Amino acid sequence: MLIDYAQISRTALQNKVAVVTGAGQGIGHETARILAHLGAAVVIAEINAATGCATEESIRANGGRALFVYTDIADATSMEQMRVQAIATFGKVDILINNATAVVFKAVIDHTIEEWDRVFAVNLRSALIGVKLFLPDMLGRKEGVIVTMQSSEGMPYLSAYLASKVGLRSFALSLAAEVGEASGVSVYCFSPGMVDTPAVQRAAQALGPLYKVTPEEFVLSSAPGGKLTTAQVCATGLVGTVLFAHDFHGQGDVHFLDGLAKLGLDAEGNPVQATVSTSAVVPTVSESTLGVVALNRKMEEIVRANQKEYGSLPMFLRPVVKRMFQQGTGLKVEEWIARAETMTRALENHTSTSQMQAEYIALVQRMIAFTTKQEADARGWIKDAKQLENALAALAERKDTAQKLLDALTQGEGKVTD
């Protein structure tokens, strides 16, 4: 498994119990397997008995603990029966991953009310049921992780599905704010992106003709670089976020890259660190490269401080400011931090490529431009002289660090050629 490339103990989740809905295939299947691989007992809440049993058998065949429970997650009675079996078998539930989903590929006007209601019941109502069943005990033990899954929005012929997914994001943000930072329970919304799963393959087949393209053209135009992420890579990133759940509490758009970065893995799930040569000589880091690394670490800390500051804003202002950051810098704040962490490790271990650095240089340039705009905005928005002075000082530090980092990356310090 890709998770074995990370510096994570095989017993990292020992004595933990996870419920994964829709674990019979795709991301849910791979997530269940990885959680079990790290020692967790996994409850497979699945409506498809054949795939649910197959996931259970796969985990047990590899020495893991698993229990398949036939579950219609949209039905409160079925969910309660699943909870009873989970508690009877494993004693508790520490992790709830609301992964199962329903989708209808139709124009808005062609949806029946029954189809619309079913999609919302499976995708959104089920999350509420799961939270009501498992959150009270998590709060009582001051320990737990609850993950919902979101998607994009506004695509044609996916109205019910995407509307419910946007609802899941808002639901997670509301719940996270309610349980708070000190509860011991972490709540966030995970964004898988375009992943090679049976569901995405069905979407390509159904939406291709509606968009007047072939299924292959649909994938090429929808997936970053025209390539779907594998379910195992995405699930590895998801489990990475679970292992570091406290760092993601209250976030509405956690990406699998964020989890991979926490695990020290790149976008393909491979270790970022350099391979040790046969002579066992570890490459030394030059003084110039050390300078770039130090600057990049400082850049990481500045953006983390921004992230923390955004979290302290009034809840109605928070998403607006985070969206401005994304539009200005090209990445969500969490993605920016993950990319910076990846670059730091690559520089330290001599694994950065010229393409990687070129892409990162472009991000740093956008950060400088965005900060310059923020300085102008601050002068127009902030009327209190002291507040303005503090804001401009913080922005100046960010821009100065970004400019020094840009200069170091473009003038030869730590620069590589493939």
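A: Helices (H or I, at least four residues) and strands (E, at least two) are DSSP runs, numbered from the N terminus. This is a predicted model, where local features need pLDDT of at least 70, side-chain atom pairs count only at pLDDT 80 or more, and totals for chains, interfaces and linings use all residues. Residues are numbered from 1 along each chain as its sequence is written, and side-chain values use heavy atoms, leaving out hydrogens and water.

Start with the pair in helix H2, which spans residues 49-61. Glu-56 and Arg-60 form a salt bridge there (a side-chain nitrogen of Lys or Arg within 4 Å of a carboxyl oxygen of Asp or Glu). Their closest N and O atoms are 3.6 Å apart. Why can these two side chains face each other? Glu-56 and Arg-60 are 4 residues apart in H2, so about one helical turn separates them. Arg-60, at 48%, counts as partly exposed.

Helix H1, residues 26-37, holds another such pair. Arg-33 and Glu-30 meet in a salt bridge there, with 2.9 Å from N to O. Their spacing is 3 residues, so they too lie about one helical turn apart. Glu-30 is buried, with 14% relative accessibility.

Now for a bridge of longer range. Asp-72 and Arg-118 join their side chains in a salt bridge of 3.3 Å, N to O. This pair links distant parts of the chain, 46 residues apart. Asp-72 sits in the loop between strand S3 (65-70) and helix H3 (76-90). Arg-118 belongs to helix H4, residues 113-141. At 38% relative accessible area, Arg-118 is partly exposed.

Salt bridges also form a network. It links Lys-16, Lys-92, Asp-94, Asp-137, Arg-141 and Glu-143. Across the whole structure, a search finds 19 salt bridges.

Next, the surroundings. S3 runs parallel to strand S2 (residues 41-46), and 6 bridges join the two. Within this pairing, Ala-45 stands opposite Val-69 in S3.

Thr-197 lies in the loop between strand S7 (195-196) and helix H6 (198-210). Is Thr-197 buried or exposed? Its relative accessibility is 9%, so Thr-197 counts as buried. What does Thr-197 touch, not counting residues up to four places away in sequence? The contacts are Gly-26, Ile-27 and Ala-231. H1 covers residues 26-37, the helix in which Arg-33 and Glu-30 sit. Ser-151 is 46 residues from Thr-197 along the chain, and 14 Å separate their C-alpha atoms.

How values were computed: Buried means under 20% relative accessible area, exposed over 50%, partly exposed in between (1.4 Å probe, protein chains only). Two strands pair if DSSP finds at least two bridges between them. Contact means heavy atoms within 4.5 Å.
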